[in-house]
Amino acid sequence: MPGSPATTGRSLAQTKDHVGLPIADILATISQEGVNRVFVDYLQRTTPESQYLVGDAHDADCAIVACSGAWLERCGYGEAEVIGRGCRHLQGPETCARAVAAMGEAMGRDGQCATSLINYHADGSKFQNDFILVPLTSRDSTAARYYMSVHASEPALDWSLAPPVPAQSPEARMRSFSETLSPSQATRSPPAGLRVPV
Ligand SMILES: Cc1cc2nc3c(=O)[nH]c(=O)nc-3n(C[C@H](O)[C@H](O)[C@H](O)COP(=O)(O)O)c2cc1C
């Protein structure tokens, strides 16, 4: 049976709500501002059902430094098999390569992504894994210090804590539009009504 102690070598007595780097240590190194507030709040309210992983953004493989016990139960791997390595071992023949590439691309630019893909339990059986992957920015810079995934929103993420997305002015919208054009297109003058005032 997926995730059962028989397949993982863990006994129920060893099951913990959180394993790896303590939540207090993670919170001490990340900013408490901006979108981080949603995840700081989540980490302060976790329950035994919360499913999350935290990876070290300073590590080339973003190795997992902490996760919830409920996640270990879900994937069927033991603590020693999850902490200190990436999550590639969860992937297999039916895992969507584009979804994996999207995660790599998001992490390459300190961005976030929502993913839904097939993963594999420790016993080889498949499961549908829906989660969001977000950077937790550092306390002293805007760079990601950790990457965090939330697989089951228990407790619910409180998005009202996130700062509102500023409405873009027409000029800023036009500027970002021009920046996405190839150089040859960008030299062409935009239609008069769309021209950025200089
Ligand atoms: C915190 C965190 C959680 C992740 N959770 C999963 C997961 O549950 N399933 C999965 O297939 N990949 C997961 N990944 C992504 C992989 O570890 C890896 O980053 C992805 O396969 C892209 O890298 P690659 O192109 O080198 O394989 C997670 C990554 C991080 C940082």
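**Salt bridges and nonpolar cores**

Author: Let us begin with Arg45, which is partly exposed, with a relative accessible area of 33%. Please keep in mind that this is a predicted model.

Reader: Which residue forms a salt bridge with Arg45?
Author: The partner is Asp41; the closest N and O atoms of the two residues are 2.8 Å apart.

Reader: Is Asp41 buried or exposed?
Author: Asp41 is buried, since its relative accessible area is 17% and the limit for that label is under 20%.

Reader: How many salt bridges does the structure hold?
Author: There are six salt bridges in the structure. One of them joins Lys126 and Glu94, with 2.9 Å from N to O.

Reader: Where do Lys126 and Glu94 lie?
Author: Lys126 is in strand 5, while Glu94 is in the loop between helix 5 and helix 6 (97-108), so their pairing ties together parts that are 32 residues apart in sequence. Lys126 counts as partly exposed at 44% relative accessibility, and Glu94 counts as partly exposed at 47%.

Reader: What does Glu79 form a salt bridge with?
Author: Glu79 pairs with Lys16, and their closest N and O atoms are 3.5 Å apart. This pair links distant parts of the chain, 63 residues apart: Glu79 belongs to helix 5 (residues 79-82), and Lys16 to the loop between helix 1 (5-8) and strand 1 (18-20). Glu79 is partly exposed, at 31% relative accessible area, and Lys16 is also partly exposed, at 44%.

Reader: Changing topic: how many residues has the largest nonpolar core?
Author: That core has 19 residues, and Phe39, Leu43 and Met148 are those with the most contacts inside it. The elements giving two or more residues to it are helix 2 (23-29), helix 3 (36-44), strand 2 (51-56), strand 5 (126-137) and strand 6 (144-152).

Reader: Which element gives the largest share?
Author: Helix 3 does, with five residues.

Reader: And what does Met148 touch?
Author: Leaving aside residues up to four places away in sequence, Met148 touches several residues, including Phe39, Tyr42 and Leu43, as well as Tyr52, Leu53 and Val54. Ile132, Leu133, Val134 and Leu136 are also among its contacts.

Reader: Which residues does the second core include?
Author: The second core is separate and consists of eleven residues, among them Cys67, Trp71, Leu72 and Val82.

How values were computed:
Residues numbered from 1 in each chain as written. Predicted model: local features only at pLDDT ≥ 70, side-chain atom pairs only at ≥ 80, totals over all residues. Heavy atoms only, no water. Core = buried A, V, L, I, M, F, W, Y, C linked by side-chain atoms within 4.5 Å. Buried < 20%, exposed > 50% of the residue type's maximum accessible area, 1.4 Å probe, protein only. Helix = DSSP H or I, 4+ residues; strand = E, 2+ residues; numbered from the N terminus. Contact = heavy atoms within 4.5 Å. Salt bridge = Lys/Arg side-chain N within 4 Å of Asp/Glu carboxyl O.
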